[in-house]
Amino acid sequence: MTNPDRSRSCNDPDLRTSVSVGYASRSRDGIHDLLDVETARATIDTVADLHDDLEDGLGVSGPAARRAITAAATAVQYTGTVISLRQARQIVANPQLAVYDNPNALLMCVYKREKALCHRGIKDTPSLDRCVAGCGNIARTDQHITKILDRADLLDRRAARVPGPLADRFRRNAARLRDLAEAHHRTRITLQDTA
Ligand code: SF4
């Protein structure tokens with residue numbers, strides 16, 4: 001299983017999780033091992049970053065917010081360690097760690113197959129390029145909201161440069177993004193809220 005979207009980098013390079021395995025083989029098994037290892041490393045980097053941000057007081061909102069916080073706590077045991085191929089496979093198979101950053105949709109997908117709206121629950125991994133607003137797997141951090149507001153400002157600037165109907169569409173989308181941000185600030189939870 002590969003997932004290039006599990007790609008958020010760890011803030012502190014010294015804390016990055018290392019993987020100690022011999023997967024140089026070009027055999028079919030070797031390729032699968034490599035994919036598991038890379039997926040596990042990216043997953044741990046993503047949730048480790050989230051853990052650090054939560055420790056710094058960051059808030060998270062959305063239907064999957066509490067599951068995102070749980071995943072961040074689960075990741076701590078792997079941070080800064082050298083993990084084996086066996087552990088990499090455990091990480092990939094752990095449903096509590098199925099967290100995917102989705103920078104294009106400006107959200108985090110805390111994946112639960114039965115809740116997924118992007119493919120009606122038929123796959124083990126999300127279709128991030130088909131993310132659906134209103135999915136129960138969505139979580140958004142304060143950082144996502146900063147980017148959402150930047151995007152809303154950009155849409156407003158574009159609206160000022162184009163004619164009527166297109167400008168109206170840009171402004172509607174900007175307003176929708178600001179509504180998202182407002183909902184986030186109204187509902188966000190922090191580590192303290194889950195203690
Ligand atoms: S719709 Fe979006 S949040 Fe929901 S499972 Fe698919 S990618 Fe994840």
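A residue counts as buried when its relative accessible area is under 20%, as exposed when over 50%, and as partly exposed in between, using a 1.4 Å probe and protein chains only. The structure above is a predicted model, in which local features need pLDDT of at least 70, side-chain atom pairs count only at pLDDT 80 or more, and totals for chains, interfaces and linings use all residues. Residues are numbered from 1 along each chain as its sequence is written, and side-chain values use heavy atoms, leaving out hydrogens and water.

Let's start with H119. With a relative accessible area of 7%, H119 is buried. You will find H119 in the loop between β5 (107-110) and β6 (138-141); strands (E, at least two residues) and helices (H or I, at least four) are DSSP runs numbered from the N terminus. Leaving aside residues up to four places away in sequence, H119 touches Y111, T125, P126 and S127, where contact means heavy atoms within 4.5 Å. A polar atom of the H119 side chain also lies 3.1 Å from the backbone nitrogen of I122.

Next comes helix α3 (residues 85-93), whose buried residues are L85, A88, I91 and V92. Seen down the axis of α3, these fall within an arc of 115°, so they line one face of the helix; the arc is that of the directions from the helix axis to the C-beta atoms. R86 and A93 are exposed residues on the face of α3 turned away from its buried side.

Now for the spaces in the model. On a 1 Å grid over the protein atoms alone, a cavity is a set of points where a 1.4 Å probe fits but cannot get out, while a pocket is an open set with protein on both sides within 12 Å along at least five of seven lines; lining residues have an atom within 4 Å of a point. A volume is the space filled by probe spheres set on the points, which are joined across faces, edges and corners.

| Largest cavity | about 90 Å³ | C109, C118, P126, C131, C135 |

The lining of the largest cavity has 12 nonpolar, three polar and no charged residues. Here Ala, Val, Leu, Ile, Met, Phe, Trp, Tyr, Cys and Pro count as nonpolar, Asp, Glu, Lys and Arg as charged, and the others, Gly among them, as polar. In the largest pocket, α5 provides the largest share of the lining, seven residues.

How values were computed: A polar contact is a pair of N or O atoms within 3.5 Å; within protein, one must be able to donate a hydrogen and the other to accept it, and residues adjacent in sequence count only if both atoms are side-chain atoms.
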